[in-house]
Structures are given as structure tokens and as C-alpha cells.
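User: Hi! I've got a model open here and would like to talk it through with you. Could you help me find my way around?

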Amino acid sequence: RCCNEENRGHLHGGTVGFDKKIWDAAILNDKEEPSVAFSLFSPDGEEGYPGNLTVSVTYGWSEDNELSIVYEASCDQDTVFSVTSHGYFNLNGEGNGTVLDQELRIDADAITELDDTQCPTGAFLSVEGSPFDFREMKKIGDGIHCDNAQLKLGGTYDHNFVINGDGLREAAVLPVSYTHLRA
């Protein structure tokens, strides 16, 4: 909940964003689908926003090896709020390389261009020939240190991929070794 630079946009949670806060945590003891819930209270006026806001995110793991992330928020006044997570998980398990070694495919011919404040300009940029081209399976780390103006803005892949097509369909694939996921 932040207005960054000259009220141009909302990005990364503000001067003291939610990523810099200590969240309450609770393990939800469901043996079939274990999960952990994190919650945070943001008081009226924090970062210039109206209303007392309560937000939570619950990470769950199903018997079918499916990860779920559920966001919930409520506020006692009208306010602007949009949340996501930039969590990174090594789905191959601890000691099995880094996320940069994992392979990824994204069905996207373009990304949204960012300006120097990391706000989207509204323009789409082709991924062709760029480190953002994941149309074929490749390691996430391939090209992450390239001399690319868009990549330098965030120091990593911090862009929206413009997914091809419409409707519910496969948009991305990241194969994992399931032998490391369950005891």
C-alpha cells in the first residue's frame, strides 16, 4: 500500500512495505493437506491509505503435490489494494541446485515494458531474442546476467508475461522432481 515517486503508481508495498513487516504465522494442522497461514494488520493511514486492513496469505500442499496460495483481505473503508507474492521456491528440493537451474517454459510472445520506476508503460515488448524468451523450455538462469535494459531495471525477471490466447489453458510449465517434495 504505497504511492511511489510523485504519486505515479503503486509498487512493492511502499517505503515500509509488507515485505519489511513481521507477519504472524500459524501452521494449519491438516494431515492430508498441510498449510501455513501468514497474516498482517495495516492500520488506517499507514503509507497514506485509508482504512484498517487485515490481509492473509495461506500456502497449502495437496495430496496430489499441488501448491495453493490463497490471498484474503478486508478493510473497514474503501481503499486501493492489490497483492501478490514474489516467493521463490526450489521445487527440486534443498541441495539440488538453485531456482536458476530449473527449466521453465512460458507461452508468451511478449512482456509488458517497464519504465525507469518499474511501472508498466502499457507497451508490449517481444520476447524474441531476449532473456525473457521462455517459449521453449530453458533454464531460468540462462540469460539472467545479459546486457538487457529491461532485465537491468529489476535486476531479475520482474515483468508481466503477456500469455498467448484466451481462456483457461496451460500458460507455463516448470517440471520438478517429486522425489524431493514428500518424505
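User: Which residue is the bridge partner of tyrosine 59 in strand 4?

Analyst: That's isoleucine 69. Strands here are DSSP E runs of at least two residues, helices are H or I runs of at least four, and both are numbered from the N terminus. Before we go on, this is a predicted model: local features need pLDDT of at least 70, side-chain atom pairs count only at pLDDT 80 or more, and totals for chains, interfaces and linings use all residues. Residues are numbered from 1 along each chain as its sequence is written, and side-chain values use heavy atoms, with hydrogens and water left out.

User: Thanks! How many bridges join strand 3 to strand 4?

Analyst: Nine, and strand 3 (residues 53-61) runs antiparallel to strand 4. Two strands count as paired if DSSP finds at least two bridges between them.

User: And what order do the strands of that open sheet have?

Analyst: The order is 1-2-3-4, four strands with antiparallel pairing. Strand 1 (24-28) and strand 4 are the edges, each pairing on one side only.

User: Why is cysteine 75 classed as partly exposed?

Analyst: Because its relative accessible area is 29%, and buried means under 20%, exposed over 50%, partly exposed in between (1.4 Å probe, protein chains only).

User: Switching topic: how many aromatic pairs does the structure hold?

Analyst: Seven. One of them is phenylalanine 132 with tyrosine 157, edge-to-face at 5.5 Å centre to centre and 75° between the planes. Rings of Phe, Tyr and Trp (its six-membered ring) pair if their centres lie within 6.5 Å; planes under 30 degrees apart are stacked, over 60 edge-to-face, and the rest tilted.

User: Are those two buried or exposed?

Analyst: Phenylalanine 132 is buried at 2% relative accessible area, and tyrosine 157 is buried at 15%. Both belong to the largest nonpolar core, which has eleven residues, including Leu104, Ile140 and Leu151. Such a core is a set of buried Ala, Val, Leu, Ile, Met, Phe, Trp, Tyr and Cys residues joined through side-chain atoms within 4.5 Å.
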